[in-house]
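The sequence and the structure are shown first.

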Amino acid sequence: MAILIVSVVSTIICVLNVIAGEGGRKLAVGDPAPPVEGKDQDDKTWKLSQLVGKKIVLLYFYPKDDTSGCTKQACGYRDLLSELGDADIEVVGISFDTAESHRQFRSKYNLNFRLIVDTEGKIADAYGARATSGTMARRVSFLIGLDGKIAHITDNPNADVHLKEVKEAIAKLTNKPKG
């Protein structure tokens with residue numbers, strides 16, 4: 001009986017950790033960005049640590065490739081990169097989708113940034129971005145400054161809110177007009 005109780009309690013704790021993200025982790029503006037890494041759509045390794053001090057990074061988590069809100073957000077970030085021109089910003093999208101799904105999504109919409117494969121949700125967990133379902137990421141964007149600290153967070157299910165807030169945050173961080 002004691003083993004059964006321990007097993008049930010352990011299961012409940014695991015489920016709560018998945019729902020809340022890694023140990024209930026909640027990142028805030030000013031926190032150091034967790035130094036994550038993963039493989040992109042072409043199976044090439046991407047490491048956040050290689051960009052710190054060199055580029056501003058827009059690390060965004062999204063639920064699913066080729067769905068309406070995720071497509072709107074990805075295309076919005078694609079267009080934003082084009083608008084910014086010479087600004088040294090790297091956009092990186094992360095979802096639980098496979099490399100093949102990312103390749104198709106990227107190709108279909110001519111996305112000009114990498115999509116990182118996070119099928120197990122380890123990167124999402126490091127950022128507290130796992131959805132309550134546990135099987136996908138929430139829509140949350142992190143703007144990471146040259147100092148490696150989180151400069152802005154947009155945590156909202158609406159892609160339009162992300163596009164507006166991130167554009168404003170980039171303008172502040174780069175001292176460029178938001179246009």
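Two strands count as paired if DSSP finds at least two bridges between them. Helices (H or I, at least four residues) and strands (E, at least two) are DSSP runs, numbered from the N terminus. The model is predicted: local features need pLDDT of at least 70, side-chain atom pairs count only at pLDDT 80 or more, and totals for chains, interfaces and linings use all residues. Residues are numbered from 1 along each chain as its sequence is written, and side-chain values use heavy atoms, with hydrogens and water left out.

| Partner of strand 5 | Bridges | Direction |
|---|---|---|
| Strand 1 (residues 37-40) | two bridges | antiparallel |
| Strand 4 | four bridges | parallel |

In strand 5, Val117 stands opposite Lys39, and Arg114 stands opposite Val92. From strand 4 the chain passes through helix 3 (residues 99-108) to strand 5 in a right-handed β-α-β crossover; right-handed means that, with the strands pointing away from the viewer, the path from the first strand over the helix to the second runs clockwise.

At the N-terminal end, Asn158 caps helix 5, with a side-chain oxygen 2.7 Å from the backbone nitrogen of Asp160. After helix 5 comes Asn175, with a positive phi near 55 degrees.

Key
Polar contact = N/O pair within 3.5 Å; in protein donor to acceptor, adjacent residues only side chain to side chain.
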